[in-house]
Amino acid sequence: MEHTEKETDQGTRLESMTLTMDSLSQNEEFSRVVVAVFASRLNPTLEELDDIKTAVSEAVTNAVVHGYQGGEGRIELTAAAGDGILTVQVKDTGIGIADVGQAMEPMFTTAPEGERSGMGFSFMEAFMDEVIVESTPGMGTTVTMRKKIGG
Amino acid sequence: MEASFIYEAKGQTLIIRLPKELDHHNCRNLRYETDLLMAENYINRIIFDFSRTKFMDSSGVGILLNRYKQMKAGGGRTAYFGAGPQVQRVLKIAGIPALMEQYENAEAAFCE
C-alpha cells in the first residue's frame, strides 16, 4: 500500500492510497471497509459512508464475479480525497465488457438464471455522483466513481 | 465464525435470519440451502429477518428477488422486518417495498 499527497488545483492537499489484492469474494467487505475508513478524513455523514461502502462493494464484486469470473486475478483499489470530493477507482485486468452501455442498463445481467440482480451499476450510479466505466474486452475494466462529501 | 444464515420453519412459514453483511461473499450458500428446505417442507411464506444486518448490496437484492419469484410462482408470499437505515435505502432503490410486505418487527410479521 502506498500513500501519496499532491496539491490540487485549489491548492488544498490531495491525499490518496492504492492497494492491490487478490480477486476473492472476502475482499468485497475488506475493500468497502478500507475505503470507508479512508473517506472518514472528509467527515462524511453516516449516510454518505453507507453510500460509499455500497458503491465500492458493487464495483469490487463486479471485478470478482464478472471480470475474473470467480477465478484468479488481482484487483487494484485506489481512493483519493481532496476539496471535499472522494474519488474511488476499481481496476481489474479480467475479461472486460464488450458493450459497456448495455452492461450499465438497469437489470441487465449476463447470468439471468443465477442469483444476480443486474443492479450493480445502477447502485453505483444511485449512490455516487459520477460513475465512469472504461473497458476493453480481454484487457480489463476500470470503474471510476466520484462523490461530493458534505455538500 | 457466526453462521451466515439461520433458518427457522414455523408451520408453512420459513424465517430466514440474514447475516450481518449481506453481500456476494456471504450469499454463496443461501440458494442451495433454501432450495433444500423448500423441497423438504411445504412453504408458502418466507419472512426475511434483517435484525442482524448492517450492510446489504445488490447481491443481497438478487437473493431476495429470486426467493420472491420462487414464492410468487407457487402462489406464496414474501415479507421482511428489522431493516436498518442502510438496508432500507438499498431495498427502496431496488423497488423491493412494492413486492414484499414490510413489518416493524418479528411479532407483527408472524401475526399476519
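**Exercise 1. Which residues lie nearest the centre of the largest pocket, and how many residues line the largest pocket?**

Before we start, note that this is a predicted model, where local features need pLDDT of at least 70, side-chain atom pairs count only at pLDDT 80 or more, and totals for chains, interfaces and linings use all residues. Residues are numbered from 1 along each chain as its sequence is written, chains are lettered from A and ligands numbered from 1 in the order in which they are written, and side-chain values use heavy atoms, without hydrogens and water.

*Step 1.* Let us settle the term: on a 1 Å grid over the protein atoms alone, a pocket is an open set of points where a 1.4 Å probe fits, with protein on both sides within 12 Å along at least five of seven lines, and lining residues have an atom within 4 Å of a point.

*Step 2.* The lining of the largest pocket counts 33 residues, and those nearest its centre are A:Asn62, A:His66, A:Ile97, A:Ala103 and A:Phe121.

*Step 3.* The volume of the largest pocket is about 500 Å³, where a volume is the space filled by probe spheres set on the points, and grid points are joined across faces, edges and corners.

**Exercise 2. Which helix of chain A gives the most to the lining of the largest pocket?**

*Step 1.* Helices (H or I, at least four residues) and strands (E, at least two) are DSSP runs, numbered from the N terminus.

*Step 2.* In chain A, at least two lining residues each come from helix 2 (46-67), strand 4 (85-92), helix 3 (100-103), helix 4 (120-127) and strand 6 (140-148).

*Step 3.* Helix 2 of chain A gives the most, with 7 residues.

*Step 4.* Sorted by class, the lining of the largest pocket has 13 nonpolar, 15 polar and 5 charged residues. Here Ala, Val, Leu, Ile, Met, Phe, Trp, Tyr, Cys and Pro count as nonpolar, Asp, Glu, Lys and Arg as charged, and the others, Gly among them, as polar.

**Exercise 3. Describe how helix 2 of chain A packs against helix 4 of chain A.**

*Step 1.* The two axes come within 9 Å and cross at roughly 150°; axes are lines fitted to C-alpha atoms, for helices over the stretch in contact, and angles run from 0 to 180 degrees between N-to-C directions.

*Step 2.* Therefore helix 2 of chain A is roughly antiparallel to helix 4 of chain A (under 35 degrees is roughly parallel, over 145 roughly antiparallel, 65 to 115 roughly perpendicular and the rest oblique).

**Exercise 4. At what angle do helix 4 of chain A and helix 3 of chain B pack?**

*Step 1.* The angle is about 120°, and the axes are 11 Å apart.

*Step 2.* So helix 4 of chain A is oblique to helix 3 of chain B.

*Step 3.* A:Phe123, A:Ala126 and A:Phe127 of helix 4 of chain A meet B:Arg89, B:Val90 and B:Ile93 of helix 3 of chain B.

*Step 4.* These residues divide into 5 nonpolar, no polar and 1 charged.

**Exercise 5. Which residues are closest to the centre of the second largest pocket?**

*Step 1.* This pocket has a volume of about 150 Å³.

*Step 2.* Its lining has 13 residues, and A:Asp50, B:Lys54, B:Gly84, B:Pro85 and B:Gln86 are closest to the centre.

*Step 3.* Two or more lining residues come from helix 2 of chain A and from helix 3 (85-93) of chain B.

Methods: Contact means heavy atoms within 4.5 Å.
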